[in-house]
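Here is a short briefing to read alongside the coordinates. Please keep the viewer open as you go through the points.

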Amino acid sequence: AAWRQYLAADNGGRGVLLIGHSQGARHLGRLIAEEIVGQPVERQIVAAHAIGFPMPVADGGGAAPGGLKPCTSIGDMGCLIGYATFHAEVPPAADNRFAARPGAGLRLACVNPAALLGQTTLRAFFPSKPREAGSSGEAARRVLAPGPVTDPHYELAGMIEARCVRTAETDFLAVSSPDPVLDAKLKALGSALPGWGLHLVDVNIAQGSLVQLAGAQAAVWLQRNRGVSSGEAPR
């Protein structure tokens, strides 16, 4: 209902970038299937950043039924950025929560934001005093900075390497760090909650890259749809 109200009263034909993590990504999957795919508004979707929840795509790289195709370049519009993060040395176990096999003919979306930007490392942003999140307990309070931090937030620039890994059972974003202190902290966090991997930092670990990617995707959409902000229908 909120989506329909937004389109009717506030959108004005503009492009839309959808963003959600975990349960939010799950809701986006339902919204995309029920209200977007096959509808006129699908032409207005810049991209969907649906992270930290199993998002199925076709095994050949296209869209799953009721879903969006994975993004393969900044120029792709109406596509999906999705991944579940695990340390490269602590991959998803069979009973993991966020990288479960989706079914015959399907794979899990794994799109590395840094790779789309032509970069080799993720731009990570973290709070220096992370708050405890629900039942996550001690794991949610871990500070990943390899040294003391006095600012409210810190960036780990050039310190986290990432690549999409495909196995017979799943697809996931495998991360590690060339800094041994940071790598040990990432590995410990990835093992702290059975089945969770690095779910607690799915977004933080690529936040700078995701913001940059969102800006680049929006710029492409606007270039291709000049005049939309004044109410014209998108092409």
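This is a predicted model: local features need pLDDT of at least 70, side-chain atom pairs count only at pLDDT 80 or more; totals for chains, interfaces and linings use all residues.

An open four-stranded sheet runs in the order β5-β9-β8-β7, and the structure holds seven salt bridges. R166 has a part in both topics: this residue stands opposite D171 in β9 and forms a salt bridge with D59.

**The sheet**

- The pairing within the open sheet β5-β9-β8-β7 is mixed. From one strand to the next, the twist averages 45 degrees.
- Strand β5 (residues 85-87) runs parallel to β9, and three bridges join the two. H87 has V175 in β9 as its bridge partner.
- Strand β8 (residues 153-166) pairs with β9 in the antiparallel sense, over six bridges. These two strands make a hairpin, with four residues between them.
- As background, strands of a sheet pair through backbone hydrogen bonds, in either a parallel or an antiparallel way.

**How enclosed is strand β9?**

- Strand β9 spans residues 171-176, and five of its six residues are buried, so the strand is largely enclosed by the rest of the structure. Buried here means a relative accessible area under 20%.

**Charged pairs**

- Side chains of opposite charge can pair when their charged atoms come close.
- R166 and D59 form a salt bridge whose closest N and O atoms are 2.6 Å apart. This pair links distant parts of the chain, 107 residues apart: R166 belongs to strand β8, while D59 sits in the loop between β3 (56-58) and β4 (79-81). D59 counts as partly exposed, at 37% relative accessibility.
- R123 and E155 meet through their side chains in a salt bridge of 3.1 Å, N to O. Since R123 is in strand β7 and E155 in strand β8, the pair ties together parts that are 32 residues apart in sequence. R123 is partly exposed at 30% relative accessibility, and E155 is also partly exposed, with a relative accessible area of 34%.
- E34 and R30 form a salt bridge too, with 3.0 Å between the closest N and O atoms. Both lie in helix α2 (residues 23-36), and because they are four residues apart, about one helical turn separates them. R30 is exposed, with a relative accessible area of 55%, whereas E34 is partly exposed at 49%.

Note on methods:
Residues are numbered from 1 along each chain as its sequence is written. Side-chain values use heavy atoms; hydrogens and water are left out. Buried means under 20% relative accessible area, exposed over 50%, partly exposed in between (1.4 Å probe, protein chains only). Two strands pair if DSSP finds at least two bridges between them. Axes are lines fitted to C-alpha atoms, for helices over the stretch in contact, and angles run from 0 to 180 degrees between N-to-C directions. A salt bridge is a side-chain nitrogen of Lys or Arg within 4 Å of a carboxyl oxygen of Asp or Glu.
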